[in-house]
Amino acid sequence: MITLTWVYWLLGAYFAAIAWRGWRDTGNPRRHTTALFWALLALLLFAAERMPPRGVGAIVVVLALLAGFGCLRMGRYDESSASEKRDEARRLGNRLFGPAVLIPAVTLALAVKLFGFSLSEVGIGDLRLLDSRQTTVIALAIACVVALVAACRLTRQTPWSAVEQSRRLVDAIGWAALLPLLLATLGSVFEAGGVGQSVAGVVRAVIPVDNAFVVVVAYAVGMAVFTIIMGNAFAAFPVMTAGIALPLLVQVHGADPASLAAIGMLSGYCGTLMTPMAANFNLVPAALLELKDPYAVIRAQWATGAVLLLCNVVLMYFIVFR
Amino acid sequence: MNYWPLLGVGAVVLGFVLRLNPALVVVISAFVTGFAARMSPLEVLDVIGEAFTEKRYLLVFLLTLPVIGLLERHGLKEHAQAWVTRLRGATMGRLLIAYLAMRQLAAALGLTGLGGHPQTVRPLLAPMAEGAAEAAAEQQGTTLDDDQRQRIRAMAAGTDNVGLFFGEDIFIAFGAVLLMQGFYAEHGLDLEPLQIALWGLPTAVCAFAIHAARVLRFERRLARGLASKPSR
């Protein structure tokens with residue numbers, strides 16, 4: 001049976017390889033701390049469950065400090081030239097999309113249950129192909145391996161060179177790769193500290209929570225407003241969901257949690273279209289396009305965000321209580 | 001009701017508004033929340049450590065990168081750009097709408113790197129949109145002024161954002177979907193990422209319809225603005 005532990009080992013080995021190659025990348029002015037970041041992450045993937053929780057917590061703090069004080073930098077990467085890439089693009093054509101499409105396709109094929117049958121349950125006796133816990137995540141990891149084999153065959157490269165090529169992408173993402181995980185971790189601290197009840201208390205004092213529609217509006221608009229303030233829908237999600245969605249909509253009004261979260265997050269994205277705090281998406285392009293008004297991109301797209309937020313409120317109301 | 005834990009929320013807001021590194025903000029806020037809830041620093045570390053161990057699967061999306069890296073080395077981006085170039089000759093509205101559809105579709109398949117402001121909007125989409133509008137203006141015997149050009153470029157950038165945001169959420173490996181799943185798991189609700197990802201579809205369809213309608217309206221207004229201008 002393929003379990004989540006195997007996936008962690010695979011991921012740990014990948015980070016260890018990234019750390020090793022990063023350590024030797026003399027083009028990176030902070031190569032040692034960059035390598036340390038990925039090496040610590042590799043360690044946590046291999047061994048976190050066998051370490052005392054406070055030790056893991058301390059390493060997480062170190063990771064955040066490395067990220068926060070600019071210790072992760074870009075290095076030098078073995079890239080093919082622009083003309084080589086164009087030639088390859090012409091030679092391989094649409095086949096280039098193949099391995100990329102394999103990732104979602106194989107994940108779906110393994111994880112989806114159709115007519116009560118799922119590939120993940122194939123097996124002998126009690127032994128299943130995939131662990132029933134986190135089936136989708138395991139399926140995703142297998143899909144990545146399958147797609148990697150396909151990509152290597154298509155481009156006649158080795159998996160090792162694929163890892164080396166991905167280092168450019170990994171370094172470009174940098175600490176942001178850790179952000180969803182850190183925010184989910186913060187959600188747990190919020191839970192332990194009782195933040196959700198406090199937010200819910202404030203909301204109860206402000207709006208009539210017996211009215212499900214009013215609470216839906218509060219959640220969707222709250223996600224958008226929090227995102228506008230912070231520039232990041234990921235950060236708004238744990239606060240608003242622990243404060244409004246879970247205690248009031250799911251527990252009191254019986255809303256469907258999956259669709260509620262999806263539409264709630266996308267309501268946050270509507271806020272991202274309206275805020276200068278999301279500089280990468282809204283201010284940087286204005287500079288790139290040499291626009292006189294730094295807010296020109298926001299002016300062009302805010303109305304889409306506003307109308308879509310209205311749509312989301314309506315969608316949420318009708319979908320989560322279906 | 002104990003309102004002290006709200007300090008943790010305040011720390012998150014303040015940290016992001018001050019533009020501190022988000023990773024740092026998260027850790028600071030965790031400790032502020034812990035203190036407000038009368039937990040000792042070691043207890044906070046325990047909670048962080050346990051949650052991190054439990055949720056490491058949120059990193060699995062990084063396993064897609066070797067595939068993408070290899071394909072990019074062999075011209076994946078260049079091939080996508082060739083697709084965009086093939087739209088040459090379309091009107092500005094049709095060009096932007098076709099790009100929006102492609103961007104959403106690619107992001108929904110996890111290919112968020114196809115498109116983007118430095119790689120596609122600046123070198124391709126914005127000049128092509130401007131060129132298409134310019135051609136339409138010439139047919140009316142007039143030219144675009146600087147203000148109109150700027151608004152067209154801004155609309156091209158906005159179109160890229162809308163396409164990315166409302167496509168990527170449908171992809172199961174995307175951080176947001178796993179974040180939602182991890183969050184619920186913490187609160188005792190076990191969901192499959194797929195269930196969450198699929199519920200992004202209705203909003204994605206609405207986003208496409210709304211933005212496409214706005215692009216067409218923008219194009220009509222541009223044409224009306226040109227018609228009212230004295231021709232050369």
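How far apart do the C-alpha centres of domain 1 of chain B and domain 2 of chain B lie? In this predicted model, the C-alpha centres of those two domains of chain B lie 35 Å apart.

**Domains**

- Chain B is divided into domain 1, which covers residues 6-54, and domain 2, which covers residues 61-227.
- In chain A, the division is into domain 1 (82-157) and domain 2 (194-320), and the C-alpha centres of these two domains of chain A are separated by 33 Å.

**Chain A as a whole**

- The secondary structure of chain A consists of 15 helices and two strands, and the C-alpha trace of chain A spans about 65 × 60 × 45 Å along its principal axes.
- Chain A has 322 residues, of which 52% count as buried.

**The contact between chains A and B**

- Chain A contributes 122 residues to the contact, and chain B contributes 107 residues.
- On the side of chain A that touches chain B, the element that gives the most is helix H8 (residues 179-193) of chain A, with 15 residues.
- Sorted by class, the residues on that side of chain A comprise 85 nonpolar, 28 polar and nine charged.

**Helix H12 of chain A against helix H9 of chain B**

- Helix H12 (residues 257-272) of chain A packs with helix H9 (residues 175-186) of chain B at an angle of about 135°, and the axes of the two helices are 10 Å apart.
- Because of that angle, H12(A) is oblique to H9(B), and the crossing of the two helices is right-handed.
- From H12(A), the residues A:Pro257, A:Ala261 and A:Met265 meet B:Ala176, B:Met180 and B:Tyr184 in H9(B).
- The class count for this contact of H12(A) with H9(B) is six nonpolar residues, with no polar and no charged residues.

**Helix H15 of chain A against helix H8 of chain B**

- Helix H15 (residues 296-320) of chain A and helix H8 (residues 146-168) of chain B have axes that come within 8 Å and cross at roughly 55°.
- H15(A) and H8(B) are therefore oblique to each other, and their crossing is right-handed.
- The residues of H15(A) that take part are A:Ala296, A:Val297, A:Arg299, A:Ala300, A:Gln301 and A:Thr304, and among the residues that they meet in H8(B) are B:Gln150, B:Arg151, B:Ala154, B:Met155 and B:Asn161.
- By class, the contact of H15(A) with H8(B) draws on seven nonpolar, five polar and two charged residues.

**A:Phe15 in chain A**

- A:Phe15 is located in helix H1 (residues 4-23) of chain A, and A:Phe15 counts as buried because 25 C-beta neighbours lie inside 10 Å, where the cut-off for a buried residue is 20 or more.
- Leaving aside residues up to four places away in sequence, A:Phe15 touches A:Trp38, A:Leu41, A:Ala42 and A:Leu45.
- A:Phe15 and A:Leu43 are separated by 28 residues in sequence, while their C-alpha atoms are 9.0 Å apart in space.

Technical notes
Residues numbered from 1 in each chain as written. Chains lettered and ligands numbered in written order. Predicted model: local features only at pLDDT ≥ 70, side-chain atom pairs only at ≥ 80, totals over all residues. Contact = placed C-beta atoms within 7 Å. Helix = DSSP H or I, 4+ residues; strand = E, 2+ residues; numbered from the N terminus. Nonpolar A, V, L, I, M, F, W, Y, C, P; charged D, E, K, R; others polar. Axes fitted to C-alpha atoms, helices over the stretch in contact; angles between N-to-C directions. Parallel < 35°, antiparallel > 145°, perpendicular 65-115°, else oblique. Left-handed = near helix turned anticlockwise from the far one by under 90°. Domains from an automatic or database assignment. Buried ≥ 20, exposed ≤ 12 C-beta atoms within 10 Å, placed from the backbone.
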